[in-house]
Amino acid sequence: MESVNELVTILPAIIIGFAGLLVMMLDAYIENVRLVFRTTTLFTLGALGIAINDMFGHSGEAFYGLITYGGTAAFGAVLVLIGTLVTVILSRDYLEKTGSHIAEVYSMILFGTFGMLILVSANNLVTLFLGIETMSICLYVLAGLVKNEKKGVEAALKYFLLGAFSTGFLLYGMALLYGASGSTFLTDIATLDDKGMIYWAGVALLLVGFFFKISAVPFHMWTPDVYQGAPTTITAYMATASKSAAFVAFIFVLSRALPEARAEWGDVIWLFSILTMVIGNVLALVQDNVKRMLAYSSIAHAGYILIGLAAGTDAAYSAVLFYLFAYTLMNLGAFGIVAYYEWHKGLDFTEVKNYAGLGFKQPVMGVLMSIFLFSMVGIPPFAGFIGKYRVFAAAVDEGLISLVVVGVLASAASVYYYLRVLINLYMHESDPGITLIRPGVLYSATLIILAALTIYFGVKPGDLTNLLGSFKGISY
Amino acid sequence: MLEQYIPILLLICLAIILAVSFIVLSHVLGPNRPNSNKLGAYESGMDPIGQARDRYSVSFYIIAMEFIVFDLEVVFIYPWAVRYQEFGAGTFWSMMLFIGILFLGLLYTLRKGTFDWDLVHSRAKKSSY
């Protein structure tokens, strides 16, 4: 059966989709949240294993070329599934402690992940759109998960309205590109000879849609409010998995559909990259809320990643993939620790000053937070440093010196706001009224593994960078 | 030139004839026992006069959502059914998969109490809404 083979081509997505349906039924008819959690974890772990295996050579097309999987797409799937797995594990403890542990969370996360997996392997504008929508709709729901929390509801509504608006831009762009080229396949759009106004309008609108999804300045306004209002583990999911998926899809659109027009969109991305780095970092300096600070920091990171896209070579794309990997590890970790501190005093316990002296109360958590934040700054020997180094190096090779200068200055400024958290953790008197509960084994083990990976790939990035470099012409 | 549209004209005529005859026939044949409820404007069982910004049951929204889902399902099934001969057996199982997934969704909402209008005696957990 040919159609069965096609389903096997994107096995991780199929597994996750099936798990989503299964979990939904388990929730309705068995009503056991623990069972739902275990099922979700197992299926995600299985899909992650298969996706990791897929990075080494498995590739293929399915559904008349609507989907191409393997290489870069498989790596994107790995990033998404790491984000999902960690989110699921951290969510259990976090949601139990904050009293909103319902099974729908897991099915929503799984369906969102399904959308992301389709998104990273899309080779057609329609598949791309379906992936983005499946992902986004689940994220809108997840942002408003805690129904009685005003900020969460505000976040969900804001995210939904702005997200729907940006999807409109994306869809108009796709429609115009289809009108100009007569095809929705990315590779067919690349072969268009006569590039008229319709084509350029389509490209511009498509870029706007993607800039919104990766929260590049000036389309970033939703990010701080949504990241602050959403439950922290869900914020981690939005910041890592959905952003990685959007970036991988962005790479495919740029490299497959618009390679000829590189001179033009290269300049556009150059401009947006500078804006994103400068404004993201400057606004992060003045934030007193850790979640908001991390939101602006994720905007700033999007700016660094855009440097790689502006360079637009295969080396730059593989540097971007490495950066996304490091970004995923350290953001999941940092949000995990923020979520852990939130257990104790409710959902508003995220101000920087709340953290005074907490570093010594649970030393392991304090040390882990330091590792993740130092990695975000980009200090060796952490993975964040290698990511930044490789992106900057690829840009220098392409002669984008000014961009790299701005990037280095911006990341020097970022030291202030990351270290401010650490200074509060370690150098301020703690409130004697706060006692920290020791986190569960699964929770702390997950965070320790993330930190270990952050250090491992900072010290010994060679294997991964070789693998990423081997993805031929980034097209598969 | 315009001859090709004659079937459409016939269809329009047929529709008008049917609509008129149904109204006339029910007037002539049906029993006529009016009361104030029957003579009032029909508004899905609600009081049609009052503030527009009134609160009403969330069930209306949920039923409307269910309706849209299954209405759109038909939009997909219809062209598939018309061209089925050309497509062959593979598409049959694809469509069964599609309908099956939608059916699971229906089972889910059923269990969660979407169609329980009598919320007091509902089996579903109260916390669902």
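## A friendly note on chains A and B

1. Let us start with chain B: along the sequence, its pattern reads α-α-α-α-α. That makes five helices and zero strands, where helices are DSSP runs of H or I with at least four residues, strands are runs of E with at least two, and both are numbered from the N terminus. Buried residues account for 0% of the 129 residues in chain B. Here a residue is buried if 20 or more other C-beta atoms lie within 10 Å of its own, exposed if 12 or fewer, and partly exposed in between, with C-beta atoms placed from the backbone.

2. A word on how to read this model. It is a predicted one, in which local features need pLDDT of at least 70 and side-chain atom pairs count only at pLDDT 80 or more, while totals for chains, interfaces and linings use all residues. Residues are numbered from 1 along each chain as its sequence is written, and chains are lettered from A and ligands numbered from 1 in the order in which they are written.

3. Now for chain A as a whole. Its secondary structure comes to 20 helices and two strands, and 58% of its 476 residues are buried. The C-alpha trace spans about 70 × 55 × 40 Å along its principal axes.

4. Where do the chains meet? Six residues of chain A are in contact with eight residues of chain B, contact being C-beta atoms, placed from the backbone, within 7 Å of each other. On the chain A side, helix α2 (residues 11-29) gives the largest share, five residues. That side divides into five nonpolar residues, one polar and no charged. In this count, Ala, Val, Leu, Ile, Met, Phe, Trp, Tyr, Cys and Pro are nonpolar, Asp, Glu, Lys and Arg are charged, and the others, Gly among them, are polar.

5. Look next at the strands of chain A. Strand β1 (residues 59-62) pairs with β2(A) in the antiparallel sense over four bridges; pairing requires at least two DSSP bridges between the strands. A:S59 stands opposite A:G70, and A:E61 stands opposite A:T68. Four residues lie between the strands of this hairpin, in which A:F63 takes a positive phi near 55 degrees.

6. Is β2(A) covered or uncovered on its two faces? In a regular strand the side chains alternate between the two faces of the sheet. For β2(A) (residues 67-70), both faces are covered: A:I67 and A:Y69 on one side are buried, and so are A:T68 and A:G70 on the other.

7. Helices α7 (residues 150-181) and α10 (residues 222-229) of chain A pack at an angle of about 140 degrees, with axes 8 Å apart. The axes are lines fitted to C-alpha atoms, for helices over the stretch in contact, and angles run from 0 to 180 degrees between N-to-C directions. Residues making the contact include A:K151 and A:Y159 of α7(A) and A:W222 and A:Q228 of α10(A).

8. Finally, visit A:A295 in helix α13 (residues 290-311) of chain A. A:A295 counts as buried because it has 28 C-beta neighbours inside 10 Å. Leaving out residues up to four places away in sequence, A:A295 touches A:T223, A:P224, A:Y227 and A:Q228.

Notes: Contact = placed C-beta atoms within 7 Å.
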